[in-house]
Amino acid sequence: MLTGTAAVGLTGCRQEGPGGLDSVIVAVNAGKRATARLEHDGYPVQWLTCTGKAEDPGVTEKGAQRPVTAVGVDCDGRTSGGQKIIVYGRVTGLYDDSCVQGKFTAKVDGKTVFTASVLGDCSGSGVTNGGNGDKPTSNNGSNGSNGNSGNNGGKGDKHWQGGHPQSN
């Protein structure tokens with residue numbers, strides 16, 4: 001299991017390779033940013049482990065593999081009070097280790113505590129691989145250190161498919 005400390009230690013890795021987004025780097029950074037967001041929102045994280053699976057980008061007309069532009073992320077963990085945490089989503093952009101973009105949902109003991117399209121501070125100069133400048137999905141709540149909102153009171157994006165197959 002990765003703990004918050006281990007996740008911080010892995011973030012110095014390059015976030016993209018010749019195939020685009022790297023699923024391991026994306027998972028580590030999504031876990032780090034989700035942990036920060038959960039703790040900011042009052043849910044102290046004891047541990048959070050995330051995995052990433054690159055979506056098949058297909059091939060070009062000439063048969064060459066396209067770069068990976070999206071990674072599905074699933075995280076499981078516990079709060080310091082023993083509550084079950086799940087975070088799931090689809091990452092489409094990564095900036096250093098400070099910003100993850102895509103669509104994310106976090107639940108603590110089955111209750112949606114946030115949905116967001118940005119985790120972390122995305123005020124830097126750019127996002128790698130498919131970041132589309134999405135803004136957080138709502139206006140009530142805070143998104144960690146950058147103050148972006150993202151908690152919509154438990155209502156998720158009904159059009160997004162991926163991650164844990166749970167409804168809001």
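Strands β3 and β4 (residues 71-79) pair up in the antiparallel sense, with 9 bridges between them; two strands are taken to pair if DSSP finds at least two bridges between them. Within this pairing, G52 has V73 of β4 as its bridge partner. Strands (E, at least two residues) and helices (H or I, at least four) are DSSP runs, numbered from the N terminus. The model is a predicted one, so to speak of local features a pLDDT of at least 70 is needed, side-chain atom pairs count only at pLDDT 80 or more, and totals for chains, interfaces and linings use all residues. Residues are numbered from 1 along each chain as its sequence is written, and side-chain values use heavy atoms, with hydrogens and water left out.

Zooming out, the β3-β4 pair belongs to an open, antiparallel sheet of 5 strands in the order β3-β4-β5-β6-β7. β3 (45-54) and β7 (111-120) sit at the edges with a single partner strand each, so one side of each has no neighbour in the sheet. On average, neighbouring strands are turned by 15 degrees against each other, direction ignored. Angles here run from 0 to 180 degrees between N-to-C directions, along axes fitted to C-alpha atoms, for helices over the stretch in contact.

Helix α2 (residues 23-40) lies across β3, β4, β5 (84-95), β6 (99-108) and β7, and runs at about 145 degrees to β3. Its 18 residues reach 25 Å from first C-alpha to last, close to the 26 Å expected at 1.5 Å a residue; the expected span is 1.5 Å times one less than the number of residues. After the helix comes G42, whose phi is positive, near 95 degrees.

Most of α2 is covered, with 13 of its 18 residues buried, that is, under 20% relative accessible area with a 1.4 Å probe, protein chains only. N29 is one of the residues in α2, and at 1% relative accessibility N29 counts as buried. A polar side-chain atom of N29 lies 2.9 Å from the backbone oxygen of I25.

The largest nonpolar core has 27 residues, of which L38 and V73 touch the most other members. Such a core is a set of buried Ala, Val, Leu, Ile, Met, Phe, Trp, Tyr and Cys residues joined through side-chain atoms within 4.5 Å. α2 gives the largest share, 6 residues. Neighbours within four places in sequence aside, L38 is in contact (heavy atoms within 4.5 Å) with Y43, V45, I85, V87, A106, V108, V113 and F114.

Key. Buried < 20%, exposed > 50% of the residue type's maximum accessible area, 1.4 Å probe, protein only. Polar contact = N/O pair within 3.5 Å; in protein donor to acceptor, adjacent residues only side chain to side chain.
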